[in-house]
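Dear colleague,

Please find below the structure that I am handing over to you, together with its sequence. My notes on what was found in it follow.

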Amino acid sequence: MIAPLTLLSAIWAALAVLAFAMSFKVRDITGRIGGDGWGRHIDARWGWFWMELPALVTFPAVYFASGNLHLVGNIAVALWLAHYGHRTLVWPLVVLKPGATIPSGMWMSGGAFNVINGALLGSYLAFAPQLGDAWLSDPRFLAGAALMIGGAWLNLWSDYRLLALRRRSGHQRVMPEGGAFNLSCCPNLLGEIIEWLGFALLTWCLPALAFALWSIANLVPRALWRRSWYRTNFPDFPKTRAALIPGLL
């Protein structure tokens, strides 16, 4: 069982690297830069829910259905549910303004993507050689947990800071500022990358690494597109502000 999962996970990771390379040659099909996107538009809150629901459900369902439960896997599922419970059930209700829409191509492709990630993670953690309880004191687990918690904090703080700024402006586009936004125009995206790198480290499994690579492939180009948009639309946007990582990117 594990050999096919390893092969599939390796292919999935390689596709993430390919997608990252291609992302610099195609336009952003999500968010403010991508235009109308593909397919019929639906209410953004429902679209976001249907896109993220497979992520919330698939990984735990596959893992628990296997019956091969262990402590590290249980912790991984709990951390996953904490992240995607918020992303699926809370975030669309607080951030997406009434009347906003997203294209069907976006939520459907995102949902399919989440099914693949969840199925690989759930299967691998269930059937791969298990990490014993001693793994909880391993430096890799401890460092991964610290990165995941720190990344989640940065992601949430940045998202809600940006939400507060938009609400003050009447849900108009704003130039983000304050805290981490004074160093990076997308600390929320940086936080999410850190979060999933930490998850890959603490679980020490190939599908989690593939998911972290997909997060980088998706979020690094988006940060660069967003900085370009800010520079175009806000003449006073600081020219030296990083897109993602201060002093590096």
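**Cysteines**

A search of the whole structure finds 0 disulfides, where a disulfide is defined as a pair of cysteine sulfur atoms within 2.5 Å. In general terms, a disulfide is a covalent bond between the sulfur atoms of two cysteines. Cysteine 185 is in no disulfide, and the nearest cysteine sulfur, that of cysteine 186, is 3.6 Å away. Cysteine 185 counts as buried because its relative accessibility is 2%; buried means under 20% relative accessible area, exposed means over 50%, and partly exposed lies in between (1.4 Å probe, protein chains only). Cysteine 205 counts as buried as well, at 6% relative accessibility.

Before you read further, please note that this is a predicted model, in which local features need pLDDT of at least 70 and side-chain atom pairs count only at pLDDT 80 or more, while totals for chains, interfaces and linings use all residues. Residues are numbered from 1 along each chain as its sequence is written, and side-chain values use heavy atoms, with hydrogens and water left out.

**Aromatic rings**

A pair of aromatic rings is described by the distance of the centres and the angle of the planes. Rings of Phe, Tyr and Trp (its six-membered ring) pair if their centres lie within 6.5 Å; planes under 30 degrees apart count as stacked, over 60 as edge-to-face and the rest as tilted. By this rule the count comes to 24 aromatic pairs.

One of them is the tilted pair of tryptophan 157 and phenylalanine 181, with 6.2 Å from centre to centre and 35° between the planes. This pair links distant parts of the chain, 24 residues apart: tryptophan 157 is in helix 5 (residues 139-168), and phenylalanine 181 is in the loop between helix 5 and helix 6 (187-203). Helices here are DSSP runs (H or I, at least four residues), numbered from the N terminus. Which of the two residues is buried, and which is partly exposed? Phenylalanine 181 counts as buried because its relative accessibility is 0%, whereas tryptophan 157 counts as partly exposed at 29%.

Tryptophan 196 and phenylalanine 211 form an edge-to-face pair, 4.9 Å centre to centre with 65° between the planes. This pair also links distant parts of the chain, with tryptophan 196 in helix 6 and phenylalanine 211 in helix 7 (residues 206-233), 15 residues apart. Tryptophan 196 is buried, with a relative accessible area of 0%, and phenylalanine 211 counts as buried at 4%. Both residues belong to one aromatic cluster, formed by Trp12, Phe59, Trp80, Tyr84, Phe113, Trp196, Phe199, Phe211 and Trp214.

Aspartate 138 forms a salt bridge with arginine 140, and the closest N and O atoms are 2.9 Å apart. Aspartate 138 is buried because its relative accessible area is 17%, while arginine 140 counts as partly exposed at 33% relative accessibility.

Arginine 140 has a further contact: its charged end sits over the ring of tryptophan 204, 4.7 Å from the ring centre. A charge sits over a ring if NZ of Lys or CZ of Arg is within 6 Å of the ring centre and within 35 degrees of the ring normal. Tryptophan 204 is placed in the loop between helix 6 and helix 7 and is partly exposed, with a relative accessible area of 47%. Phi of tryptophan 204 is near 50°, a positive value in a residue other than glycine. Most residues other than glycine have a negative phi.

**Residues distant in sequence**

Isoleucine 193 is found in helix 6 and is buried, with a relative accessible area of 8%. Isoleucine 193 and alanine 152 are 41 residues apart in sequence, and their C-alpha atoms are 9.3 Å apart in space. Arginine 173 lies in the loop between helix 5 and helix 6 and counts as partly exposed at 45% relative accessibility. The C-alpha atoms of arginine 173 and asparagine 233 are separated by 9.4 Å, although the two residues are 60 apart along the chain.

With kind regards

Key:
A salt bridge is a side-chain nitrogen of Lys or Arg within 4 Å of a carboxyl oxygen of Asp or Glu. Helices (H or I, at least four residues) and strands (E, at least two) are DSSP runs, numbered from the N terminus.
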